[in-house]
Amino acid sequence: MTDSKYFTTTKKGEIFELKAELNSDKKEKKKEAVKKVIASMTVGKDVSALFPDVVNCMQTDNLELKKLVYLYLMNYAKSQPDMAIMAVNTFVKDCEDPNPLIRALAVRTMGCIRVDKITEYLCEPLRKCLKDEDPYVRKTAAVCVAKLHDINAQLVEDQGFLDTLKDLISDSNPMVVANAVAALSEIAESHPNSNLLDLNPQSINKLLTALNECTEWGQIFILDCLANYTPRDDRESQSICERVTPRLSHANSAVVLSAVKVLMKFMEMLPKDLDYYGTLLKKLAPPLVTLLSAEPELQYVALRNINLIVQKRPEILKHEMKVFFVKYNDPIYVKLEKLDIMIRLASQANIAQVLAELKEYATEVDVDFVRKAVRAIGRCAIKVEQSAERCVSTLLDLIQTKVNYVVQEAIVVIKDIFRKYPNKYESVIATLCENLDSLDEPEARAAMIWIVGEYAERIDNADELLESFLEGFHDESTQVQLQLLTAIVKLFLKKPTETQELVQQVLSLATQDSDNPDLRDRGYIYWRLLSTDPVAAKEVVLAEKPLISEETDLIEPTLLEELICHIGTLASVYHKPPSAFVEGSRGVMHKRLPARTGSGEGTECPDVGNAAGGSAPEAAPSIIPSQGDLLGDLLNLDLAPPTTTGPTPSTSGMQMGGMDLLGGGLESLMDESEPPHVPLRTDPPQSPSPQPPSPVYTHTDYTYTDYSHTDSPPDHSSTEHSPPAELGGDIGGSPAMGAGFGAAPAVMPASLNAPVGGGLGDLFDLGGGVGMPMGAYIPPKTVWLPAMKAKGLEISGTFARRAGVIQMELVLTNKAMSVMTDFAIQFNRNSFGLAPAGPLQVLTPLGPNQTIEVSLPLSTVGPVMKMDPLNNLQVAVKNNIDVFYFSCQYPISMLFVEDGKMERQVFLATWKDIPNDNESQFQIQDCHLNSEAASNKLQGSNIFTIAKRTVEGQDMLYMSIKLSNGIWVLAELKVQAGNPNYTISLKCRAPEVSQCVFQCYEAVLKN
Amino acid sequence: MIGGLFIYNHKGEVLISRVYRDDIGRNAVDAFRVNVIHARQQVRSPVTNIARTSFFHVKRSNIWLAAVTKQNVNAAMVFEFLYKMCDVMTAYFGKISEENIKNNFVLIYELLDEILDFGYPQNSETGALKTFITQTGIKSQSKEEQSQITSQVTGQIGWRREGIKYRRNELFLDVLESVNLLMSPQGQVLSAHVSGRVVMKSYLSGMPECKFGMNDKIVIDKQGKGGEGATGQSIAIDDCTFHQCVRLSKFDAERSISFIPPDGECELMRYRTTKDIILPFRVIPLVREVGRTKLEVKVVIKSNFKPSLLAQKIEVRIPTPLNTSGVQVICMKGKAKYKASENAIVWKIKRMAGMKESQISAEIELLPTNDKKKWARPPISMNFEVPFAPSGLKVRYLKVFEPKLNYSDHDVIKWVRYIGRSGIYETRC
């Protein structure tokens, strides 16, 4: 008899036939029928129609048949809750059965049936089973509490099951203890603050005792639970470690890894000078190495974990380099991970061996692996200075192989080597130049161009080389275009006489023929720099570059600590905190390593410092200078209100100068082309002559150039977790500035789709994107449409006003498993006639787990209908799956237009004209700006200060706002020095808007 | 914890699907098929995250086993469980194949219900499982039998049942080692290690308490101080792991290996050594490129162990370039063949005594190609089997005590066998 036949029946009247068979009198036939049902269920056929018939078979003394029926019940009970109740009686009866196996089976299955009515009946049997005389029933009941908690947490608490579960931790049977621990740990995870597990030295002792006696799986549960405990002092910590170390010899790798987790965590608390500390370190290495002889999948998990351990405590495995050598038939995922660890362990002592290995790997077949090996050689050069020369010559050998991707990869890493050791290996440039034609990947092209630009003075035909790239300028990727632009400017600064034409050509290509704002902006900046002050240009463009550091892909220390607490788990495999991939409340709690107690403070972990310290020095300068200092001020130019009575700070005067030059200088440069549209209210008090006078270059100007470099560093050594300082490194006048703007590109894409207002318009747009406070206030993005409600599509977004255009900025995330396409958007009629000014630009299909940012320009000429609240907007979004509706509220400040500044006289007249009934007063609490700062801030959102009066230490600001539909709002803001509470009076002919306007004030001032 | 477990055939059709958690839906079954089984590229990781759901998979012949979860589970445990699942299935019905799985799907569901509860692995020792999950199904147990089953499944000695009786108490110990080598063309050892296993097959009555002793350096040195003196050589073990029957805390404290073995076969311990390894063979390659269309290869192998011992199943695999058009081979001993499908010359020798030498020379003719890419020259690999332990490990004793029954250590018939096999034994050329 073979059961496989059940998989093949696909006749038409099958269900009908099965029904008859299920109701047959013959036991054998019944059983056959149930088997068929289960087989159909497995392959995904819907056999729920047979529910009553299958349940009828439940009352049987044939255990095998019973199990099959239970299996069916677990699958379909949820879809047929009313009928599932039919099964309850049998369950309750089975829970009283003299056979412990049947009792356990009943309680186990009942917990899997997620029907409320059944769970009610489950409580009593479960209570009995938790105290059953048979350990097999108790261990099953312990897990059942976790099941019930998953269905109805409140019920479990109300029924006192948690206390019973806690009692089971002291059970005499180790397996019961292990399951109770597992169940409690899981329940505790969803109650982060409850003291459910209540670990104390006594309970820990019980766990450690059970640890020696229970199954391998039980040991894992217990060890994972132990890892959550924080010992009181170093002595307790040591005694736990001593009792956990024997587990390192267990045949089950998971037991070993969980033990390693406990040890790695508790070791933190041991004083370094303790003998035991050293012993423990030594004990950790062999089991980790042994993990590498496990099956490949486990090796992979082990290697991902070793990668973390090596970063945290490099000393453990520093002598074990050889075991990470790649074997010819390792699966690719094992190879790549081994390579990563090899680089981390590379040191002066073993570098010769490592290099020989890497060279072998570079001749393998798998392209990814070969690339990584080549990259690794470069990283060795940067990490171990003594080896740099050998690395470079190895790389040159590899270039000679002429294997296309090897050559490209080698060039990319050589560029990094140049940056680490400037003026040392430039003799190889000639060889590199020979391979120019074979480069077809953007990264390699960009790297090569960077090299040519950087060493232009030593390459005789640098101009020819660069010119050859210029021919296909528009077909290049942005990365290459930006690099080419910079390289040619460098070349021009180094050899001005013969390359004038070239630089003109590239500047015009970048500024006029390109619709990439980054490229255009960089082009403009260079153009202006070159035309106004070549000396300054030289200082900026040819500034000394900060050196790149050795270890650039270290995991950020706090994340590393968290991941160490998750050794063995998925988090350690993904190298991501659990919150990044676990939904709901579970795993959101961040775990931390315990602090060292004891007396060994003096020796405070120098080696930990090594691992973490690698990035620490870089991290320091990367703190963004307090907002608004640099770019902020620069872009704040037009905010200095002419009517302000107080003297403007001197810096702003300088910025004024800078600003005007920017306009004037460019115009003079762009002879024939139409003058750039400047969407700023430039009202230059001291208008410059067309010929730019020698400018006062404040350092703020440099930041700009700095910025424009940031998004295209052909910088490879900086992978995922590189400190931002690296990003700016390409030219970086000062690392701090470069670093400051390192964050910008992340926000950039939002504005990329923005309609192009003209050269300078975009330039200033960038500022908005960076989130500096000088632009209009943009509320943070909120989730408008959760994925749950829209079949996996999540929409979050905000509104912004950029260069006079209202934009809806949307982030669409596909959390479903299928691809989404055909997006469209529509608005319901609303108070201010907002309507999409164009279609929703989602051109590529959105794959699972993908996110896309879209900017949708809005017009205010759509149909009008008063909404409640006034700023409510109802939106419909369509995709290939369905149409979804949501509503959101836009800040009314988006509707404040740029020409909303009233003449003083008109203001006075209007103020008087509007009846006092229309005046409303509000309080803004807890705002610590002075009147001037407040006025500046508000102006960014087109709320214009018309006049200021100071009466008895109280500043009165008079302001005007014009809405897109022509409604004027007048305001009086009272600010008292030292009092954080402002009073605001709003007057408007349409008083309904006052509430919204007030909200905007509050939002703008507090952000 | 594990949210669900699926088994697929090579086409991606589901053979078994068991869902343990509510957060895993039916669509997960399809997601794995589409994204992993049907994916065009090679598998890049055994762990895949698709739409916030993680899939762990292992493959046995052309059957895929996938565990699914949405939580931050213990990844090592999931893989260990999947391997265990394979072991259990093999113990029940032999090879894991589509046919076998379909034939035993009811049994598999029953097993899955027992060894994974709400995603938590439970006792999965086949010895214990076989006492109450049987293919014959109907088997009424007496009350004593029932409680015996449950106490065994949950008990401290979950791997052995009480009341086992043999007329002849017998045990077999196999020391199985695989010796791994990576050697440079110049004969420098780049890395070498032995990974060994001690497999025990026991047919002993009752609940025998066993103690196993070997020439572990740490133990010998300790005793040496006692005055006995070094009897033979001892070996330094880098690391060892034990079957769960071995009392780890006792090993940690006294370095003694004591246990109550499961009935039948079990892998008692695994170990690894890297020092003083006897490399049974040395491979000396010589590759010469004669122009662009010819390669001359000469490989000498030397056996390096006692002349009285015989190595068996010797196979040397010499890779050839992809553009090989013809090969002429001359070997002193054994048979050699060029296998075009495997891109290698395979040289087989049935037996070879210690301290001998043999040689093969081959002329490889190549087709001229435009391919600029150089031939990667994979290493020359070797397979063999030798009747000794290349690590030098020796079993000193295995003592058996069963206080309740009337047989003593002397009555047990014991057998020890050593087999050394090649693991990855490669010489670069």
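A salt bridge is taken here as a side-chain nitrogen of Lys or Arg within 4 Å of a carboxyl oxygen of Asp or Glu. In the predicted model, B:Asp22 and A:Arg114 form such a pair across the two chains, with their closest N and O atoms 3.1 Å apart. Polar contacts between chain A and chain B, with both residues at pLDDT 80 or more, amount to 45 residue pairs. On the side of chain A that touches chain B, the largest share, eight residues, comes from helix H8(A), and the residues of that side divide into 52 nonpolar, 27 polar and 31 charged.

The size of an interface is often given as the accessible area lost when the parts come together. For chain A and chain B the area buried between them is about 8900 Å², of which 56% lies on carbon and sulfur atoms. Chain A contributes 110 residues to the contact, and chain B contributes 99 residues.

Inside chain A, a salt bridge joins the side chains of A:Glu21 and A:Lys36, at 3.1 Å from N to O. Because A:Glu21 lies in helix H1 (residues 14–22) and A:Lys36 in helix H2 (residues 27–42) of chain A, the pair ties together parts that are 15 residues apart in sequence.

Two features of the chain A backbone concern loop residues. The peptide bond from A:Asp868 to A:Pro869 is cis, with omega near -5°, and A:Pro869 is found in the loop between strand S6 (851–859) and strand S7 (872–878) of chain A. A:Lys402, a residue other than glycine, has a positive phi, near 65°; A:Lys402 is placed in the loop between helix H21 (388–400) and helix H22 (404–420) of chain A.

Terms used: Residues are numbered from 1 along each chain as its sequence is written. Chains are lettered from A and ligands numbered from 1 in the order in which they are written. This is a predicted model: local features need pLDDT of at least 70, side-chain atom pairs count only at pLDDT 80 or more; totals for chains, interfaces and linings use all residues. Side-chain values use heavy atoms; hydrogens and water are left out. Contact means heavy atoms within 4.5 Å. Buried area is the accessible area (1.4 Å probe) that two parts lose on being put together, summed over both. A polar contact is a pair of N or O atoms within 3.5 Å; within protein, one must be able to donate a hydrogen and the other to accept it, and residues adjacent in sequence count only if both atoms are side-chain atoms. Helices (H or I, at least four residues) and strands (E, at least two) are DSSP runs, numbered from the N terminus. Ala, Val, Leu, Ile, Met, Phe, Trp, Tyr, Cys and Pro count as nonpolar, Asp, Glu, Lys and Arg as charged, and the others, Gly among them, as polar.
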